[in-house]
Amino acid sequence: MGLLSDALSRVQPSATVGITQRARQMAQAGADIIALSAGEPDFDTPEHVRKAAIAAIERGETRYTNVDGIAELKEAVAAKFRRDNGLDVTAQDCFVSSGGKQIIFNALMATLNPGDEVVVPLPYWVSYPEIVRLAGAEPVFAEASQATGFKLTPETLEAAISPRTKWLLLNTPSNPSGAAYTADELKGLAEVLLRHPHVYILTDDIYEVLVYDGRSFATIAEVEPRLLARTLTMNGVSKSHAMTGWRIGYCTGPREILAAMLKLQGQSTTNPTSISQWAAVEALNGPQAFLLEWRDVFQKRRDYVVARLRGCKGLECLVPEGAFYAFPSCAALLGGTSAGGRKIATDEDFVMGLLEENGVALVHGTAFGLPGHFRISYAASDSDLERAMDRIEAFCAGIV
Ligand code: PLP
């Protein structure tokens, strides 16, 4: 009898955490490393939010709360979904967890059985297939390649659905590609989903506020209200309000699923941190105008990074519509040899070579299910982006 659980043997460690750790080790050993591998805003949590947390501590809001969130936060979440997304929901339809990831984890663990299938568009956020496997179910990958702007088409979705499909996972804007679905594109997917009433939809809208070039954000239950009864709409303050360390994510969804998530969270982490919950109340109810200023900063960085990537030998890059990632193809460089004498046969060789030889940490596309690409996060200072782009350009130029 082995020590470790069979369930865990089905799971891969997070590739993004892996490369970030390697970069950190090299930096600790004295190397000059620029890490563009992690996905978090470089801004500080806004002052009014920090003050709300301090006030909560001073008031003694330091005890267990309701497992699925304090009433004030669930009200704020419901108000957010009504205000920003036109979803007809109340606090009773809302649920709070320790980060958006725990919402996804709870929802999948609470509903999946062995033999169930989950449609996961590819490229995907690294945790989706692993959580599905941990729950004993099967991810079914639906390719959303560069040729379709990294977006799932109705035809590809239709082909991926079987009688065993329990969920479709959507993520817009996307980590890693930055693709953001328009309302019309979601309508096309919704038409397919209306024909398959056994399929539930989990939409991960955590990058909602980061859509560029005057586009408006759209989410599937808003575009097609007939899907509201089988859609779990997830969101959180981590990316929007630069609050990755506070660990607050939330959702609205069918009450039957929320009740099952409550049971699971009640037997695992219990409530999200009381202090973070009060900070999130302020984040959602307080001023929102600064989000647009932050978005403009990210848009400028995106423009800079995409222009520089397009100037690199052998790289191809679509313009990401949202989030803070670009997902270029390095396929034309594969098969070459780097200036340091390393064979660059795969996207993983490309990112490892770039890290070891030129000191920039990125994540290889295979980690997101799409070989031949890499992900670069532009949630970094202008000077880091400039230095990193000089190095990437030099690394690509050196591959022959
Ligand atoms: N969903 C996506 C697509 C993400 O990129 C991330 C974080 O990287 C999360 C969810 C997790 O968010 P949180 O930090 O709130 O758990």
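Where is the place of Pro123?

A: Pro123 is in the loop between β3 and α6. This is a predicted model, so local features need pLDDT of at least 70 and side-chain atom pairs count only at pLDDT 80 or more, while totals for chains, interfaces and linings use all residues. Residues are numbered from 1 along each chain as its sequence is written, and side-chain values use heavy atoms, with hydrogens and water left out.

Strand β3 covers residues 117-122, and helix α6 covers residues 127-134. Both names come from DSSP runs, numbered from the N terminus: helices are H or I with at least four residues, strands are E with at least two.

Now the helix. Seven of the eight residues of α6 are buried, so the rest of the structure largely encloses it. Buried means under 20% relative accessible area; exposed means over 50%, and partly exposed lies in between (1.4 Å probe, protein chains only). The buried residues are Ser127, Tyr128, Pro129, Glu130, Ile131, Val132 and Leu134.

What covers them? The cover includes two helices, α1 (6-9) and α5 (100-111). It also includes the strands β3, β4 (138-143), β5 (165-171) and β6 (200-204). Contact here means heavy atoms within 4.5 Å. After α6 comes Gly136. Its phi is positive, near 90 degrees.

Pro173 sits in the loop between β5 and α8 (183-194).

Thr270 has phi of about 60 degrees. Its loop runs between α10 (255-266) and α11 (274-285). Ala323 has phi near 60 degrees. Its loop lies between α12 (289-310) and β9 (325-326). Are these residues buried or partly exposed? Thr270 counts as partly exposed, because its relative accessibility is 26%. Ala323 is buried, with a relative accessible area of 0%.

Step back to the chain. It holds 14 helices and 14 strands. The domain assignment gives domain 1 (6-44 + 290-397) and domain 2 (63-285). Such bounds come from an automatic or database assignment. The C-alpha centres of the two domains are 26 Å apart. Across the boundary, 37 residues of domain 1 are in contact with 35 residues of domain 2.

Next, the overall size. The C-alpha trace spans about 60 × 55 × 55 Å along its principal axes. The radius of gyration is 21 Å, which agrees with the value near 21 Å for a compact globule of 400 residues. That radius is taken over C-alpha atoms, and the globule rule is 2.2 Å times the number of residues to the power 0.38.

Finally, packing and surface. Buried residues make up 56% of the 400 residues. Among contacts between residues at least 6 apart in sequence, 74% join residues at least 24 apart. The chain exposes about 16,600 Å², and carbon and sulfur atoms supply 53% of that area. Accessible areas use the Shrake-Rupley method with a 1.4 Å probe; for residues, only the protein chains shown count as cover.
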